[in-house]
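This report concerns a pocket and a set of aromatic ring pairs. The sequence and structure are shown first.

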Amino acid sequence: MKNGKRILFAFLIIVLVASCKQHQEARRPISQTSGTFMKKSAERNRKLIAGEEGQIDSLIKSNPAIKYIASTKGYWYTYLTQNKLDTLTPKRGDVAFFDYEVKDLKGNSIYTEQELKPQTYLVDKQNIMTGLREGIKLMHKNEKVTFLFPSHIAFGYHGDNKKIGTNEPLLCTVTLHNFVPEKAFKKEIQLKTETPDKQQTNTQTKLIDTTKQ
């Protein structure tokens, strides 16, 4: 009887081990498939970026009179209006005031300045297109610059769900009018939103002070 129990127990152990082994082996293809997918995805992205950079290179070569500068951030730019007198550029926490328009690489308009309206942008603290965020930080006041952005630093795979399509490189022309520290901007807004009653009180106080003199 005891031998029978031992044989049954040993049999159950063998079945359990075999089951675990089969389960582990069954998981291998999932891991291998996942790794293969990642490799293929990375390869597609490399080909996509290379293709877009080829389009941009062809555009630049098509008009050698326009001198584009290659940025270390992965985009190209050229000055339409350059300010060589100022040395300051927008930094994190500044508020930048600019206009811009968006075209495709063939020069077809996607968004005009009028559609986009004047922009007020809190540098590095608001969510905007990656290329535009980086490009603005190299500009001086009153400069106008044309940028060529590959799609991975523009709107990427999803586009903007409106006029900009999937994986679309863009030509953006930006005019930076001015930029100020965030603290100064908030103070200016506070002064502008001051109530008429408070303004009147301040005026009356000034008149009383003048009368006392």
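How many nonpolar, polar and charged residues does the lining of the largest pocket have? The lining has 10 nonpolar, 2 polar and 2 charged residues. Here Ala, Val, Leu, Ile, Met, Phe, Trp, Tyr, Cys and Pro count as nonpolar, Asp, Glu, Lys and Arg as charged, and the others, Gly among them, as polar.

The model is predicted: local features need pLDDT of at least 70 and side-chain atom pairs pLDDT 80 or more, while totals for chains, interfaces and linings use all residues. Residues are numbered from 1 along each chain as its sequence is written, and side-chain values use heavy atoms, with hydrogens and water left out.

**The largest pocket**

The volume of the largest pocket is about 270 Å³. A pocket is an open set of points on a 1 Å grid over the protein atoms alone where a 1.4 Å probe fits, with protein on both sides within 12 Å along at least five of seven lines; lining residues have an atom within 4 Å of a point. The volume is the space filled by probe spheres set on the points, which are joined across faces, edges and corners.

Of the 14 lining residues, Y100, L116, M129, F155 and D160 lie nearest the centre of the pocket. Strand β3 (residues 94–103) supplies the largest share of the lining, 3 residues; strands are DSSP runs (E, at least two residues), numbered from the N terminus.

F155 belongs to the loop between β6 (143–149) and β7 (170–181). F155 counts as partly exposed because its relative accessibility is 32%, where buried means under 20% relative accessible area, exposed over 50% and partly exposed in between (1.4 Å probe, protein chains only). Leaving aside residues up to four places away in sequence, F155 touches M129, D160, I164 and L170, contact meaning heavy atoms within 4.5 Å.

**Aromatic pairs**

The structure holds 8 aromatic pairs. Rings of Phe, Tyr and Trp (its six-membered ring) pair if their centres lie within 6.5 Å; planes under 30 degrees apart count as stacked, over 60 as edge-to-face and the rest as tilted. Two of the pairs are tabulated below.

| Pair | Centre to centre | Angle between planes | Geometry |
|---|---|---|---|
| Y75 and F149 | 5.6 Å | 75 degrees | edge-to-face |
| Y77 and F147 | 6.2 Å | 40 degrees | tilted |

Y75, in the loop between β1 (69–70) and β2 (76–81), is 74 residues from F149 in strand β6. Both Y75 and F149 are buried. Y77 lies in strand β2 and F147 in strand β6, so this pair ties together parts 70 residues apart in sequence. Y77 and F147 are both buried. Ring pairs link Y75, Y77, Y79, F147 and F149 into a cluster.

Note on methods: Helices (H or I, at least four residues) and strands (E, at least two) are DSSP runs, numbered from the N terminus.
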